[in-house]
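Please walk me through this structure, one region at a time.

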Amino acid sequence: MARPRVRLVVTADDFGYCPRRDEGIVEAFLVGAVTSVSLLVNGAAAESAAELARRHSIPTGLHANLSEGRPVGPARHGASSLLGPEGFFLGKMGFREAVAAGDVALSQVREELEAQLSRFRELLGRDPTHVDGHQHVHVLPGVCQVFAEALQAYGVRFTRLPLERGVGDCAWLEAPARAFACAVGRDARAAVDQFSRHGLRWTDAFVGLSTCGRHMSAHRVSGALARALENVPAGHALTVELMAHPGYPSVPPAGGCGEGPDAFSCSWERLHELRVLTAPTLRARLAQDGVQLCALDDLDSKRLGEG
């Protein structure tokens with residue numbers, strides 16, 4: 001039976017977070033299990049990660065970070081609506097709450113994004129293949145417009161639209177994780193207009209919110225892809241991004257973005273993702289389904305809803 005033709009980008013997030021994380025990501029790339037990485041330029045290992053990317057010719061994008069650690073832009077020199085009293089970003093939920101309350105100055109968001117884009121150029125000697133958002137901050141209301149404007153000004157074409165079909169029905173996700181995934185999806189859907197208006201492109205579908213950490217398995221990745229392909233005509237070409245977080249667990253105090261590594265980074269869940277991605281089971285299943293792995297900058301991608 002004919003299936004839709006799928007080109008799958010497997011992006012490893014948080015490159016540059018710590019050397020052990022990066023070691024696992026590079027291993028996954030070298031065996032063909034990861035095809036792109038997203039670099040945290042404020043990560044503790046950003047410089048060594050950039051060297052690894054150059055050495056192994058890894059397609060590398062920017063993991064724009066407005067929620068964890070220290071800034072790289074003007075905010076690091078003084079008071080900013082992006083920072084708490086200790087001089088760190090406000091956190092995954094703290095930043096969201098501040099944006100929702102109107103307490104974040106979007107001009108400062110723009111300054112920090114431009115500083116991170118410039119830092120990426122310094123580290124890699126080129127522009128990023130794509131830019132997405134650490135903890136999906138790039139699709140938040142207001143932030144998404146500033147984000148799209150900055151990418152357009154820097155000539156970046158590709159981003160991530162973290163809108164995963166059916167994630168609200170994934171019963172294995174704990175209620176907070178499921179609620180967060182659904183909220184990210186709503187924000188992503190609302191960001192489409194701004195992204196399109198500024199010429200950004202992304203894959204036709206996205207998966208990874210339902211397969212993060214201990215929830216990743218070959219069966220669940222395959223199931224997420226199947227949901228993405230529902231109602232897609234046989235023979236139709238579809239591009240999909242799988243967000244992943246592989247790597248060896250961080251060992252404090254090494255790692256992080258200025259505050260040390262978080263609990264997720266230190267847990268076995270990163271190693272679990274690495275093993276699932278590199279094991280024969282998942283790769284055989286993808287091959288059986290006719291899924292072709294590729295890098296994001298290899299895609300002749302179109303905007304959502306076109307073609």
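Ser36 sits in strand 2 (residues 36-39). Helices (H or I, at least four residues) and strands (E, at least two) are DSSP runs, numbered from the N terminus. Ser36 has a relative accessibility of 1%, so it counts as buried. Buried means under 20% relative accessible area, exposed means over 50%, and partly exposed lies in between (1.4 Å probe, protein chains only). Leaving aside neighbours within four places in sequence, Ser36 is in contact with Val9, Val10, Thr11, Ala12, Pro59, His130, Ala295 and Leu296. Contact means heavy atoms within 4.5 Å.

This is a predicted model, in which local features need pLDDT of at least 70 and side-chain atom pairs count only at pLDDT 80 or more, while totals for chains, interfaces and linings use all residues. Residues are numbered from 1 along each chain as its sequence is written, and side-chain values use heavy atoms, with hydrogens and water left out.

Next comes some backbone detail. Asp14 belongs to strand 1. Asp14 is not a glycine, yet its phi is positive, at about 70 degrees. With a relative accessible area of 4%, Asp14 is buried. Gln135 is another non-glycine residue with a positive phi, here about 60 degrees. Gln135 is placed in the loop between strand 4 (131-133) and helix 5. Pro252 and Pro253 are joined by a cis peptide bond, with omega about 10 degrees. Pro253 lies in the loop between strand 6 and helix 8.

Another loop runs between strand 3 (60-64) and helix 3 (92-100), and Ser81 is found there. Setting aside neighbours within four places in sequence, Ser81 is in contact with Leu90, Asp103, Val104, Ala105 and Gln108. The C-alpha atoms of Ser81 and His134 are 18 Å apart, and the two residues are separated by 53 residues along the chain.

Now turn to helix packing. Two packed helices are described by the angle between their axes and the distance between the axes. Helix 4 (residues 106-124) and helix 5 have axes that come within 9 Å and cross at roughly 35 degrees. Axes are lines fitted to C-alpha atoms, for helices over the stretch in contact, and angles run from 0 to 180 degrees between N-to-C directions. The crossing of helix 4 and helix 5 is right-handed. A crossing is right-handed if the near helix is turned clockwise from the far one by less than a right angle, and left-handed if anticlockwise. On the helix 4 side, the contact residues include Leu106, Val109, Leu113 and Leu117. On the helix 5 side, they include Val143, Val146, Phe147 and Ala150. The residues of this contact divide into 10 nonpolar, one polar and four charged. Ala, Val, Leu, Ile, Met, Phe, Trp, Tyr, Cys and Pro count as nonpolar, Asp, Glu, Lys and Arg as charged, and the others, Gly among them, as polar.

The structure holds two aromatic pairs. One is formed by Phe147 and Phe195, which are tilted, at 5.8 Å centre to centre and 45 degrees between the planes. Rings of Phe, Tyr and Trp (its six-membered ring) pair if their centres lie within 6.5 Å; planes under 30 degrees apart count as stacked, over 60 as edge-to-face and the rest as tilted. The pair links distant parts of the chain, with Phe147 in helix 5 (residues 143-154) and Phe195 in helix 6 (residues 175-197), 48 residues apart. Both Phe147 and Phe195 are buried. Phe147, Phe195 and Trp202 form one aromatic cluster.

Helix 6 also holds Ala181. Ala181 is buried, at a relative accessible area of 3%. Not counting residues up to four places away in sequence, Ala181 touches Val167 and Leu209.

Finally, look at helix 7 (residues 218-228) and helix 10 (residues 280-288), which pack at an angle of about 25 degrees with axes 9 Å apart. They are therefore roughly parallel to each other. Angles under 35 degrees count as roughly parallel, over 145 as roughly antiparallel, 65 to 115 as roughly perpendicular and the rest as oblique. Their crossing is right-handed.

Helix 9 (residues 269-278) has seven of its 10 residues buried, so it is largely enclosed by the rest of the structure. Its cover includes helix 7 and helix 10.
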